[in-house]
Amino acid sequence: MSKFGNYIKGYFSGLDSLLIGMRTSLRVYLRKGVTEQYPENRHTTLHIPERHRAMLVMPHDENNQHHCIACGLCQMACPNDTIKVTSEMVEGEDGKKKKVLVKYEYDLGSCMFCELCVNACPHNAIRFSNDFENAVYQRNKLVLKLNHEGSSVVKK
Amino acid sequence: MDIKNKISNIVPNAEFKEQGDLIAVVPADSLHKVAEALRYDKEDAMDYLREIVGMDWGETLGALYYLESTTSHNRIVLRTETSDRENPMLPSVSDLWKTAIIKEREAFDFFGIKFIGNPDMRRLFLREDWVGFPMRKDYDLKSNELNMSNEVNADTTEEYSLNPDGTLSCKHNVVFNPEDFVVNIGPQHPSTHGALRLRTALDGETVKKVDPVCGYIHRGIEKMNESLTYPQTLALTDRLDYLSAHQSRHALCMCIEKAAGIEISERAQYIRTIMDELQRIDSHLLFYSCLVLDMGGFTPFFYGFREREMVLDIFEETTGGRLIQNYNMIGGVQADLHPDFQKKVKEFIKHMRGIIHEYHEIFTGNVIATTRLKGVGVLSREDAISYATTGGTGRASGWSNDVRKHHPYAMYDKVDFKEIVYTEGDSFARYMVRMDEIMESMHIIEQLIDNIPEGEYRVKTKPIIRIPEGNYSASVESSRGEFGVFLESHGDKSPYRLHYRSTGLPLVHALDSVCRGEKLADLIAIGASMDFVIPDIDR
Amino acid sequence: MNTSFLDYYSIQPVTNWIHETLCSVMPEALAIFIECVVIGVIVVALYAVLAIVLIYMERKVCAAFQCRIGPNRVGGKGGLLQVPADVLKILTKEIIRLKNSDNFLYDLAPYLVILASILTFSCLPWNKGAQILDMNIGVLFVLAASSIGVVGILLAGWSSNNKYTMIGAVRSGAMIISYELSMGITVLAMVVLSETASISGIVEAQANGWNIFKGHIPAILAFVVFLIAGNAEANRGPFDLAEAEQELTAGYHTEYSGLHFGFFYLAEYLNLFITAGIASTLFLGGWMPFHIAGLDAFNNIMDYIPGVGWFFIKTFFVVWLLMWIKWTFPRLRIDQILTFEWKYLMPTSLLILVLMVVLKVFGLVF
């Protein structure tokens, strides 16, 4: 008898648990979805936190000047050989030879956004930006030149 | 009795090194004797083998055995080596700890050390036709061309034994008979949670044997570490167990800080602890989602993701990353907390406490779910310890193994929290451990969130970090078990050997004994309830 | 009770007129032949259109259950053209031939599945006088025809020469054969209640009240049992273990591609519709309008909705119920499915049948 009683009990408690589940799912059914509609929300609700690391940039000021002194610390810090700094020695006004940045190459395709380069930089010449829409069709387009054409280093 | 005396009593010529961890150097021929004595010691049995780390010391090849007692939580490391580089042999301890079977396979795979008496001496991660042993220091990186042909897996394993005259003899153990109905589950399969392959022998719907094949996404992170500087090695820990990214990195930072003698600020400790717990919630929510999805429930899957999204948003606001947060640094954390952080975390906890009943209503109480989970895939406490299945899986079997409790780090000795332990050892217990831990993690965060002290979030470190010679280790309770970092430094700016204790490898290893006799559908559910992450196994 | 609306609902005059007009310009045999072809085309077209509607509905409904939006890009804001686009895609996909598979059976299987589905589909009572296949044992014919589908599934799994498909097919076979019992017994209970086994007869017997009200307790129970068994027959969650993608990737149709896969997919959705259609026929009065005895004004308004409209409203309501079930529960395991059928559902349906007969004999049903 107790076996049959258990059978009946299990029958109804099982049924009850199923109905509770259905009640919960119905409650969610009547709620609004939580989907974010990208790219429609690009200019409305899309929120990219300021610290999000999407791509390395070298900020230039209005005079087309940056802070990079071509010391190469970032290149050394990078675990993936993502950064390649090309520099040359130029004689300054005071007659001293000085290292000047020629080309700052950055391979977005092999970057793993560890931020070691930014940490290594003594002059805050580079930082990560929020521009995350970086898809391209050719891999060579991922190799970027970060210093602008004709730019120079900020004079102290 | 002191552990040193115990070992000295058995092997009088044992040496002890105390540079970092306490290491007992034991000659190879008496290793098994020492291990057996420690394993079955009456007062303080070292019944938990944390890790076997294969080593190449140039002249010699060998291994480090990290042991722990599950009662007193004392730890000891055994070191043994052999100078025969051509045909290195060490005695196997697989008869003392079952987890040694797979750990010794790993050492064989990378160092070519043959463990005498291990029933399964196949390669673990690399192809069976791989040439050479890549973690040896004299390994030629060009010795293996890119091989595009299909790998044929042998149906037998090698077991080596030593003849009285000193020669090796090899016995073949059968994994699958020709008449077995073997189904490949994976490497491309919806529910192996990554590229894991389970060769499964079926009898109708019933699982007869499971043979996990790992290594499909092996990236050689440990080999790479040997040529990276210490700050650079940090970036790779996030890529191990991506659901415990923060905790894995925490362990490595702790290990390096301990070795280099860097003292970090209390604020950083608070931040790390809170982030660890948020990461645990994140991981357990995903665990819920995946378990339910693997059992065919699509809707609850989205419930988990709905709330996990909020955790990820909190992460992104402060750390700049969602999955790969990149936040812990040597000496602290990468950036200070975002001004909104505390507010958002409190909002999230309030929301989570108010909504978690939905998770339980739709799934936990459901009669289909309970009958599919309860009493299925039982792992006994003895087996859990022997297989070294740490984390929620071990705690579901009644093995109290929480590193946060037994070896407190960061703020864990200052907060009040319960260690969730179930005794059933079935899939349902494994599930409930995780669900209860979500609540417990929120409880921990609530105690810390309002009391974060002011101060530096990162202490200044030298630009080039060198670690004094020695062996160091650190372990944390990651989302799915004890994650360990084992570091041997020779005083350079990059590690001589940096090994990680995978949380998932013992779980995958235990699958065979847990799943035998259960149904095919249970294999999937058990796998999900074990909660392994493949990149962490393959490293 | 006033049953005059039945004549008003009938489309028989229209069909008779068409037939007579055709006969006046050609021999009767030719006229019948043309009518058959036209109806065949209509059935297939309706089948395809309904599949599109159902797939769209499934996507939207399941999205709502999962806090999502569902299709919302292709074809305006509602994503209305998403499913037609998918259909086009499936049509253009290559049908892949497998090495070492039984090619004849492999190609035959999807047709068997779709044949079973269309046969049962034609038995649905769309409106008064608009039933394509109507016979005095219509209900039994539906049960028999739907079983052909199992053969297709078994053949598909067997001929694909793949371990996953094989397991899926065997699971499906074991399950469908078991659940046909419960389904048959509940149908039998309703036949007892309406005193006929012809589908049009069952509908017309509900002119003065739907079966679910007339048969009260046993009928409501039978409705629930029928829905569960029907859900299993249609291979839908939580009984979708023949496909069980977490275990068997896609179960019995893992190896199919292109239109052959499309047939399985189509049949799956239409089986859902057919299950719902039969359920609304047996329990909810088919194309009968909703009437409340005594409220004539209300009843008159209800009569303005044509019979086919009523049929669709009821069927889609049942479809929605089935979707609700599917998108709530985790999947059962094979042994649980069989336990559930033999230990719980079968005894329940037998009990229902006995109860129904007793109530009928003693005149305790309306």
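This is a predicted model: local features need pLDDT of at least 70, side-chain atom pairs count only at pLDDT 80 or more; totals for chains, interfaces and linings use all residues.

Biologist: In what order do the helices and strands of chain A run from the N terminus on?

Modeller: The secondary structure of chain A consists of three helices and seven strands. Read from the N terminus, these elements come in the order α-β-β-α-β-β-α-β-β-β.

Biologist: Is chain A a compact globule or more spread out, and what is its radius of gyration?

Modeller: For 156 residues the globule rule gives 15 Å, and the value for chain A is well over this, so the chain is more spread out than a compact globule. Along the principal axes, the C-alpha atoms of chain A fill a box of roughly 105 × 35 × 35 Å. Of the residues of this chain, 21% count as buried. The radius of gyration of chain A is 29 Å.

Biologist: How many residues of chain A are in contact with chain C?

Modeller: On its own side, chain C brings 11 residues to this contact, and α3(C) provides the largest share of them, three residues. By class, the side of chain C that touches chain A divides into nine nonpolar, one polar and one charged. The number of chain A residues in contact with chain C is 12.

Biologist: Which element supplies the largest share of the side of domain 1 of chain C that touches domain 2 of chain C?

Modeller: Chain C is divided into domain 1 (11-81) and domain 2 (93-361), whose C-alpha centres lie 19 Å apart. In the contact between them, 14 residues of domain 1 of chain C meet 17 residues of domain 2 of chain C, and the domain 1 side divides into 11 nonpolar, two polar and one charged. Both α2 (12-25) and α3 (28-65) of chain C supply at least two residues of that side. The largest share, 11 residues, comes from α3(C).

Biologist: How many nonpolar residues are on the side of chain B that touches chain C?

Modeller: The contact takes 27 residues from chain B and 23 residues from chain C. Elements of chain B that give two or more residues to its side include α7 (266-294), α8 (298-319) and α9 (341-364). By class, the chain B side has seven polar and six charged residues, while its nonpolar residues number 14.

Biologist: Is E151(B) buried or exposed?

Modeller: E151(B) is found in the loop between β7 (114-116) and β8 (156-162) of chain B. Not counting residues up to four places away in sequence, E151(B) touches R127(B) and E128(B). Because E151(B) has 12 other C-beta atoms within 10 Å, it is exposed.

Key:
Residues are numbered from 1 along each chain as its sequence is written. Chains are lettered from A and ligands numbered from 1 in the order in which they are written. Helices (H or I, at least four residues) and strands (E, at least two) are DSSP runs, numbered from the N terminus. The radius of gyration is taken over C-alpha atoms; the globule rule is 2.2 Å times the number of residues to the power 0.38. A residue is buried if 20 or more other C-beta atoms lie within 10 Å of its own, exposed if 12 or fewer, and partly exposed in between; C-beta atoms are placed from the backbone. Two residues are in contact if their C-beta atoms, placed from the backbone, lie within 7 Å. Ala, Val, Leu, Ile, Met, Phe, Trp, Tyr, Cys and Pro count as nonpolar, Asp, Glu, Lys and Arg as charged, and the others, Gly among them, as polar. Domain bounds come from an automatic or database domain assignment.
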